[in-house]
Amino acid sequence: MIRFMQSMFYANVETNNPSFIAWMFNYTPSQTSQVGSAICSASGFLGFGFLVCYVWTGMAKKVNNRLGVLTGFVICMVFLLGSFAYPGYEGFITNSDCHYLWCSSTPTISLPLFIVVYLLLFSFGFPLLNVHTSALLAKQLAGRKQAHWHGLSTFIGTASRVIAAPIMAKALQDQGIIFTWYLQIALIAPMIIVIILCYNRLGTPFRLSSLPFFRRILRKDGLEPEKSPVVE
């Protein structure tokens, strides 16, 4: 579930970001490309520096994986709240390429504020989720074959991106920026609540041997040995 939500949110931001920048800040396609590339390059540079300091220096080992995942999702929420088009903001979308009914009634946000929350998300939020989600899954799998379950996790993440991208793009066009942001908040907020409620259970090896459906899988992974026949 964590991998699914992480990949889905990444797909949402990645898909809608160019249109958001163009419409919100009244940029031409050329300006949108230049600003988007500059922000992307800056986030990549900061993210690389963060990972070098965080992973190679051993800081990642000192941070609880559960806390790292929770912090990553909190940063996702900070991005949504920081880039939200609040009604009290001055000005509205006037970009000629935004020809939908909701455009003229959507407030514009500050470009510096958007850059700050964007860099925070891509330079720190997503790297934290990538590092600690994988570590948390590996710990929770315990004796299971890592390749099989990590492959399944990657497949779920990829599937969520394939599903989310066209849906969120359609929602942005038909319902607008405010609705799309509300939708993402409605998805991320419950995830944060679930992580908090299940905080102590995250990362603990789970046992499904009591469920007949999973016994065969567990035995193939070498976690649950076959029972020896009883000799009378």
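## Helix 4 against helix 7

In this predicted model, helix 4 and helix 7 cross with a left-handed sense. Helix 4 covers residues 65–82 and helix 7 covers residues 177–197. Their axes come within 10 Å, at a crossing angle of roughly 155 degrees. Because angles over 145 degrees count as roughly antiparallel, helix 4 is roughly antiparallel to helix 7.

On the helix 4 side, the contact is made by V69, L70, F73, V74, C76, M77, F79, L80 and L81. Helix 7 contributes W181, Q184, I185, I188, A189, M191, I192, I195 and I196. Sorted by class, the contact of helix 4 with helix 7 has 17 nonpolar residues and 1 polar residue, with no charged residues.

## The disulfide

The model has 1 disulfide. It joins C98 and C103, whose sulfur atoms lie 1.9 Å apart. That separation falls within the 2.5 Å cut-off, so the pair counts as a disulfide. The link of C98 and C103 is left-handed, with -80 degrees about the S-S bond.

C198 has 35% relative accessibility and so counts as partly exposed.

Notes:
Residues are numbered from 1 along each chain as its sequence is written. This is a predicted model: local features need pLDDT of at least 70, side-chain atom pairs count only at pLDDT 80 or more; totals for chains, interfaces and linings use all residues. Side-chain values use heavy atoms; hydrogens and water are left out. Buried means under 20% relative accessible area, exposed over 50%, partly exposed in between (1.4 Å probe, protein chains only). Axes are lines fitted to C-alpha atoms, for helices over the stretch in contact, and angles run from 0 to 180 degrees between N-to-C directions. Helices (H or I, at least four residues) and strands (E, at least two) are DSSP runs, numbered from the N terminus. Angles under 35 degrees count as roughly parallel, over 145 as roughly antiparallel, 65 to 115 as roughly perpendicular and the rest as oblique. A crossing is left-handed if the near helix is turned anticlockwise from the far one by less than a right angle, and right-handed if clockwise. Contact means heavy atoms within 4.5 Å. Ala, Val, Leu, Ile, Met, Phe, Trp, Tyr, Cys and Pro count as nonpolar, Asp, Glu, Lys and Arg as charged, and the others, Gly among them, as polar.
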